[in-house]
Amino acid sequence: MARTKEFDPDAALQAALELFWRRGYEATSMADLVEGLGIARASIYATFGSKRELYLRALERYGEQRDPGLLAELSRPGPVLPAVRVLVRRYAQAGVEDRRRGCFVTNTAVELAPHDPAAARRVEASLDHLETALTAALLRAEAQGELPAGREPRALARMLVVLLQGIRVVGKAADGGPRARDAAEQALALLD
């Protein structure tokens, strides 16, 4: 007779996400995972595979938790640019307020993506998702006459994606707040 799991895999995945997000991939050992998840090493391997596979699943979970709100805000009926401004300013503020953890996707881009193709694909998918949402919003803004003539919605969206990820990196610095806020406001001026 097969044994039943004595833990909630969903809760364990969430705990792994929090641990990896706080410490990073390399700084999180299997012993840290055993302690942090409260389950045996064998159970981690049996349920999630390797540490790397668990990390990649945690990264996917992060995207699932973050993305729906983004899409909802940018696709609301009515004027679009106010929602874009709120999003950019929120990134700038969060980048400063949550310096220790930062953005899990950005952290992965810096730590793993240069040498881990699977991590790089997931980072790229996350950036594509953000770019697509911003492009769609800016196309709506263009159609509604909110964008000045001559602005290219897709290019603006790409610039904002790069800016937002850069804000997350700079936000981890000791005094990244003024830089992040100034960069955000200068980028938003391009929308006027």
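**View 1. Contacts across the whole chain.** Residues 24 or more positions apart account for 72% of the contacts in the protein chain that have a separation of 6 or more, where contact means heavy atoms within 4.5 Å. This is a predicted model, in which local features need pLDDT of at least 70 and side-chain atom pairs count only at pLDDT 80 or more, while totals for chains, interfaces and linings use all residues. Residues are numbered from 1 along each chain as its sequence is written, and side-chain values use heavy atoms, with hydrogens and water left out. The C-alpha trace spans about 65 × 40 × 25 Å along its principal axes. Of the 192 residues, 42% count as buried; buried means under 20% relative accessible area, exposed over 50%, and partly exposed in between (1.4 Å probe, protein chains only).

View 2. Helix α9 takes in residues 177-189. Its 13 residues reach 18 Å from the first C-alpha to the last, close to the 18 Å expected at 1.5 Å a residue; the expected span is 1.5 Å times one less than the number of residues. Which residues of α9 are buried? They are Gly177, Ala180, Ala184, Ala187 and Leu188. Seen down the axis of α9, these buried residues fall within an arc of 105 degrees, so they line one face of the helix. That arc is taken from the directions from the helix axis to the C-beta atoms. On the other side of α9, look for Arg179, Asp182 and Gln186, which are exposed.

**View 3. Helix α5, part of the cover over α9.** What covers the buried residues of α9 includes α5 (81-97) and α8 (153-170). Helix α5 has buried residues of its own, among them Leu81, Ala83, Val84, Arg85 and Tyr91.

**View 4. Glu73 and its partners.** Where does Glu73 lie? You can find Glu73 in helix α4, which runs over residues 51-74. Leaving aside its neighbours within four places in sequence, Glu73 is in contact with Ala83, Val86 and Arg90. The side chains of Glu73 and Arg90 are joined by a polar contact of 2.8 Å. A polar contact is a pair of N or O atoms within 3.5 Å; within protein, one must be able to donate a hydrogen and the other to accept it, and residues adjacent in sequence count only if both atoms are side-chain atoms.

Note on methods. Helix = DSSP H or I, 4+ residues; strand = E, 2+ residues; numbered from the N terminus.
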